[in-house]
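Subject: Structure handover

Hello,

Here is the structure for your files. Please open it alongside these notes.

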Amino acid sequence: MKLPPFFEYRAVPGQNQSQQELHIEEVTALRLAESFSTPLYVYSRAALIDNFHAYAEAAQLRGGPNAALICYAVKANSNLAILNQFARLGAGFDIVSGGELQRVLAAGGQASKTIFSGVGKSREEMRFALEQNILCFNVESISELHRLNEVAGAMGKRAAVSLRVNPDVDPKTHPYISTGLKENKFGVAFEDALQAYREAVRLPHLRVTGIDCHIGSQLLDDSPLLEALDKLISLIDTLSREGITLEHLDLGGGIGIAYGDEESGVTPVAVGSYLARVFARIGAWRAAQYGGTPIKLLFEPGRSLVGNAGALLTRVEYLKPGASKNFAIVDAAMNDLMRPAMYEAWHGIAPAVLSEVVPKHWDIVGPVCESGDWLARDRSLAVSEGDVLALLSAGAYGMTMSSNYNTRPRAAEVMVDGDAMHLIRSRETVEHLLSGEQLLPD
Ligand code: LLP
């Protein structure tokens, strides 16, 4: 199996040279597990930086300075240290709740580079975002336009809006993470978009500044994204003939990563070629827009910035070989990493130490009382009780989708930076979990 960048097997200097140990940058998985216990999310800082640079450099190369703003989709991994790292690199943010905005601000991110997506924004969330002067609301329905107009009016403000248009293209990904088809709940239907823009410009407390779409996640082919782009371009041309001019075009997120045996390190290469194709597609058109003021491009990547930068470390509690299946019961479960149970997602498994034991086929399962509590199935692995395993490519939608099911405190998170280990979230305790609950009176 090919490992993601910054994950590699090496001998530990000064130890048995034939023993290969999994390293995350300069630190072994074993040392991380021993220092912070398991289950443990670990991330490579260098991988985060490299992934962001892949976007920023491609945008600069193809579009020139300030051609694009990369708005990291906070939902993929919202740890403050990670948001702070991206803020330092100049990122904007794509949020879907007031809570995510609070995280961005707490991490030193700028509201003026933050866009607010999502189909169900509450009045309180709108007010909070308006107080903070965010860059733009990605509005998903006519009703939302009216609510936003009313909330902004009551505050004596004008809200910047972009309409999320549903371009009805098939992203060819898992149905649960496909969002750009007619039958999905997201965005304004393409054929209704012109009417929605006419409505938006009529509302006094709104300022129409953009257009956006997001057609799905884990797209391994960027053609559907370019198809969506073509549709948005034709709509922008129609709008501009009506005198509605836009400042930005937001193509959403969606670029997939390598989870399995496919070519690893797909991220920088795929991102570079995707951005090159986007800029090539809109090059002449963009330059000719609005008397030479080119429209700005926004992207909302989540998974491609953090997915391959993280892993979930877990320890084997019990081996339970059986007649039809062998189970390795580990201390991480579906509450720590939902993706296999929810999407039958495949995550690579790398033992912390490569062992000489003869490999067998194992299902890796957790302690939660559900048959759906599995993390990997039918993997050929050499494992013994007490071993540490890494579930790879778990940096995106891992920790953020975790829960406390079975009263399991959530895992700790550690950032590796060269040979340093930084605890970026401490392990939850059962006391944390019980603290908000009350007994009934007599
Ligand atoms: N923008 C919007 C409006 C989105 O809804 C999403 C993801 C993104 C950006 C970021 O997409 P990305 O670059 O990460 O593909 N939990 C699922 C993925 C759900 C994606 C939801 N929306 C998973 O674990 O695969």
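This is a predicted model: local features need pLDDT of at least 70, side-chain atom pairs count only at pLDDT 80 or more; totals for chains, interfaces and linings use all residues.

Residues are numbered from 1 along each chain as its sequence is written, and side-chain values use heavy atoms, with hydrogens and water left out.

Ligand site

There are 18 residues around the ligand (near means a heavy atom within 4 Å). Ser 217, Glu 300, Arg 339, Tyr 343 and Tyr 397 come nearest. Polar contacts are pairs of N or O atoms within 3.5 Å. Tyr 343 makes one through its side chain: an N or O atom there is 2.8 Å from a ligand nitrogen. Backbone atoms take part too. A polar backbone atom of Gly 254 is 2.9 Å from a ligand oxygen. For Arg 303, a polar backbone atom is 2.8 Å from an oxygen of the ligand.

Helix pairs

Helices here are DSSP runs of H or I with at least four residues, and strands are runs of E with at least two, numbered from the N terminus. Axes are lines fitted to C-alpha atoms over the stretch in contact, and angles run from 0 to 180 degrees between N-to-C directions.

Take helix 5 (residues 123–131) and helix 6 (residues 142–154). Their axes come within 10 Å and cross at roughly 55°. The crossing is right-handed. On helix 5, Arg 123, Met 126, Arg 127 and Leu 130 make the contact (heavy atoms within 4.5 Å). Their partners on helix 6 include Glu 144, Arg 147 and Glu 150. By class, this contact has five nonpolar, no polar and five charged residues.

Helix 7 (residues 193–202) packs on helix 8 (residues 223–241) at about 45°, with the axes 11 Å apart. Helix 7 passes helix 8 in a right-handed crossing. Ala 193, Leu 194 and Tyr 197 meet Leu 235, Thr 238 and Leu 239.

Backbone

Most residues other than glycine have a negative phi, and most peptide bonds are trans. Two places are worth a look. Thr 38 and Pro 39 are joined by a cis peptide bond, with omega about -5°. Pro 39 sits in the loop between helix 1 (29–36) and strand 4 (40–44). Glu 25 is not a glycine, yet has a positive phi of about 50°. Its loop lies between strand 2 (20–24) and strand 3 (27–28).

Best regards

Terms used. A crossing is left-handed if the near helix is turned anticlockwise from the far one by less than a right angle, and right-handed if clockwise. A polar contact is a pair of N or O atoms within 3.5 Å; within protein, one must be able to donate a hydrogen and the other to accept it, and residues adjacent in sequence count only if both atoms are side-chain atoms. Ala, Val, Leu, Ile, Met, Phe, Trp, Tyr, Cys and Pro count as nonpolar, Asp, Glu, Lys and Arg as charged, and the others, Gly among them, as polar.
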